[in-house]
There are 2 protein chains.
Amino acid sequence: MNLTVMKFGGSSVADADKIRRVARRIVEKKRAGRKVVVVVSAPGDMTDDLAAMAGRITSEPSDREMDMLLATGEQVSIALLSMAIHSLGVDAVSLTGPQAGIYADLAHTRARITRIFPEKIRMELARGRVVIVAGFQGINPNQDIATLGRGGSDLTAVALAAALRADDCEIFTDVLGVYTADPRLVPGARKLARLSYDEMLELAGAGSQVMQARSVEVAKKFNVELHIRSTFSHEDGTWIVKEVPRMEDVIVSGVAVDKNQAKLSVLDIPDRPGIAARMFGSLARLHINVDMIIQSAARGRSNDISFTINRGDLRKAVPMLEKIRAELGGKGILVDERIAKVAVVGVGMRSHPGVAAKMFQTLAREKINIEMISTSEIKIACVIKESLSGRAVAVLHQAFGLTGKKGKSLRRSFS
Amino acid sequence: MNLTVMKFGGSSVADADKIRRVARRIVEKKRAGRKVVVVVSAPGDMTDDLAAMAGRITSEPSDREMDMLLATGEQVSIALLSMAIHSLGVDAVSLTGPQAGIYADLAHTRARITRIFPEKIRMELARGRVVIVAGFQGINPNQDIATLGRGGSDLTAVALAAALRADDCEIFTDVLGVYTADPRLVPGARKLARLSYDEMLELAGAGSQVMQARSVEVAKKFNVELHIRSTFSHEDGTWIVKEVPRMEDVIVSGVAVDKNQAKLSVLDIPDRPGIAARMFGSLARLHINVDMIIQSAARGRSNDISFTINRGDLRKAVPMLEKIRAELGGKGILVDERIAKVAVVGVGMRSHPGVAAKMFQTLAREKINIEMISTSEIKIACVIKESLSGRAVAVLHQAFGLTGKKGKSLRRSFS
């Protein structure tokens, strides 16, 4: 239907000048003859400022009231952005999440979108208007405002693109696109022109900050073509699409590193059925995601279990594990926060055996010890010492032929 | 139904400490066994700050988007106040104007309330909750957020009290109540225990800042008993009610002064039918309220027309009048911004002739010249030189026996 969804994050609308710049970008698109729906986050630090206000009132704000409070941030953005578009002579209308017909479930502060009724948006588009929708929010079955949690504005954009059958969904950010590795760590990193949903999902899971996995999952499910690109440049970014026709025989698309992990080991715990279920069931009830798990070979009647979680969850996880250890009679708990997860990702490895071997050899040559390994069809990830992670990414990037291919090292745009 | 509506202005919720104090006040009322609905304005200067943000984007923001923007202020207040009440162990729920069922007309930035559907509020009250409603806002027939303009939060409170058949409506402010005169100008001014709706309306029209006339009109129409009192004291304030049983023979209840007036004179304009209609019709189309009008006795075929308007409207009024004067051939326009309107108000004057004479004599004795006069059944107002207005209020307050009656001069609470 000749429709583009454009999503701008908070740093893109942090002040009046930036809002005006975003407005010009939107007006260009509109004047090029396209219908435009815009999704925008709260300006700059406003969400943090609002949360700090709540913190001065109470240390345990109710989730419902927190959503009522935080949803004002995006409402400020949509009103100001709409005004800026008007002042360029183009008709625009702002809609809150509820007004835009975005329905969410009852999980305040981390709600999921359940349905979208885009009739109001369609009506406004038919009137020739640019429609500006508040990201990160919807209305729940109690008619309350619900926020969608981390990455919520990306999710709003992708879900609207799906509901409206938009041709594409542009995710504007402060980088030029998705890179073969973080260009701050690997100077020879190249911007990728195209990636498959599955590769983007693996990169997001492996520590790439560009986009949250939940939004990519929705894009994949509804086949929404994503274009991740810079607010500050007209250069093409990275397209995230269903199938990537390869011009060359690319095996690995990118190398990612995640330094936000911690390794927990429960030592000498009885080796009998149900122990692991007990432990990981308790972690799940605390909403703690466990990534890699290793169980040592049994020594007599006990063994060690090691696993990785996000560092931010340590505070919740450790007391619970201590309780379980005390009940079951384990010897102790080891916490290691000085680890990093390094991963290579690429759909090409489906048809090319030997990627794992090459990764292990490359790391071994640098005397980098591998503490844990996990694999999927299109990803191999290793836990190593955090202090060695920069070196590991660089040598893997080189080993898989990602550096300076085509003799072109793209300019960085990290702010 | 054992229900009180409590309304708190922006200065009462300007920071976390103030919000906690207001919460304690609400919880006291609730713990005393009453059902409580609270209406609250945006915190402190937030409305001005938001308007300034819009000003940095465009000098002519659309009214609809301005309402979208400004409505966030009250939404912040209701969320924070609700959290503060929770932290005192009392259940509370915040509702935006639209969620509270407040319907408004299409006049963005100065909408009128058209209907209230208070089912949601009733349901939350029945669950034992304190209900916190955002003042100043409603939803219009386009399903857009509309703001109610100046005094909008008072209006929300009074309209909700009427719709819910509340026993009373407490308007919390930074003064102890309504005084016989502004205590900053007249040290002997006394707080009034009771006033009729009509007296309060005349005082509001004559410059009293305590409450806007539009809210008092709604209170009168639906017979809502108002209690104007201080956020910072438990002392009784002033009750605004239908009938005031007088313990004594009070003729004049209060003296008000309005320094926000300007006098305009159009000189030597032709004396023929339709001239006044032309002039005042044009002012009305610019939404300029005209208060007093004097037409001089005709001298031959022309005369002078003088009238008063709010000073803030001069910028709009003068160019329009200049155009009319040029068309009709008047000699010139005089603008006098150094005037004040002084008024005495009291239902007792209905049955007591001679109040006007006493007012004129009192001013004459002080050699204060009266430039214009207007009267109603319960008010006499005079335009005088602004520099003499302080003196005029003091002598009138004394002459009508308002000073130090009962030997009690109440303490001031102006901040």
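Predicted model: local features only at pLDDT ≥ 70, side-chain atom pairs only at ≥ 80, totals over all residues.

Q: Why are helix 5 of chain B and helix 7 of chain B called roughly parallel to each other?
A: Angles under 35 degrees count as roughly parallel, and the two axes cross at roughly 5 degrees; helix 5 of chain B and helix 7 of chain B are therefore roughly parallel to each other.

Q: Which residues of helix 5 of chain B and helix 7 of chain B meet?
A: From helix 5 of chain B come D154(B), L155(B), V158(B), A159(B) and A162(B), and these meet R214(B), S215(B), V218(B), A219(B) and F222(B) of helix 7 of chain B.

Q: What makes V5(B) count as buried?
A: A residue is buried if 20 or more other C-beta atoms lie within 10 Å of its own, and because V5(B) has 28 C-beta neighbours inside 10 Å, V5(B) counts as buried. The place of V5(B) is in strand 1 (residues 3-8) of chain B. Not counting residues up to four places away in sequence, V5(B) touches V37(B), V39(B), A157(B), L160(B), A161(B), A166(B) and C169(B). V5(B) and V158(B) are 153 residues apart in sequence, with 8.0 Å between their C-alpha atoms.

Q: Why does S376(A) count as partly exposed?
A: The class of partly exposed lies between the limits of 20 or more neighbours for buried and 12 or fewer for exposed; S376(A) has 14 C-beta neighbours inside 10 Å and therefore counts as partly exposed. S376(A) has its place in strand 19 (residues 372-376) of chain A, and from V345(A) it is 31 residues away in sequence and 9.2 Å away in space, C-alpha to C-alpha.

Q: Which way do the residues of strand 3 of chain B point, and are they buried or exposed?
A: In strand 3 (residues 92-95) of chain B, A92(B) and S94(B) point one way, V93(B) and L95(B) point the other way, and all are buried.

Q: How do you know that strand 3 of chain B and strand 6 of chain B pair?
A: Two strands pair if there are at least two bridges between them, and four bridges join strand 3 of chain B to strand 6 (residues 130-134) of chain B, the two running parallel. Within strand 6 of chain B, I132(B) is the bridge partner of S94(B).

Q: What makes strand 15 and strand 17 of chain B edge strands?
A: Four strands of chain B form an open sheet in the order 15-16-14-17, with antiparallel pairing. Strand 15 (290-295) and strand 17 (332-336) of chain B each pair on one side only, and these are the edge strands. The twist from one strand to the next averages 15 degrees.

Q: Why is the relation between chain A and chain B that of a two-fold axis?
A: Chain B can be laid on chain A with an RMSD of 0.1 Å by a turn of 180 degrees and a shift of 0.1 Å along the axis, which means that the relation is that of a two-fold axis. In chain B, the C-alpha nearest the axis belongs to T72(B), at 2.7 Å from it. The same surface serves both copies, since 100% of the contact residues of chain B recur in chain A.

Q: Which element gives the most to the side of chain B that touches chain A?
A: In this contact, 26 residues of chain B meet 26 residues of chain A. Helix 1 (16-31), helix 2 (46-57) and helix 3 (63-86) of chain B are the elements that give two or more residues to that side, and helix 3 of chain B gives the most, with 13 residues.

Notes: Residues numbered from 1 in each chain as written. Chains lettered and ligands numbered in written order. Least-squares fit on C-alpha atoms with pLDDT ≥ 70 in both. Contact = placed C-beta atoms within 7 Å. Axes fitted to C-alpha atoms, helices over the stretch in contact; angles between N-to-C directions. Parallel < 35°, antiparallel > 145°, perpendicular 65-115°, else oblique.
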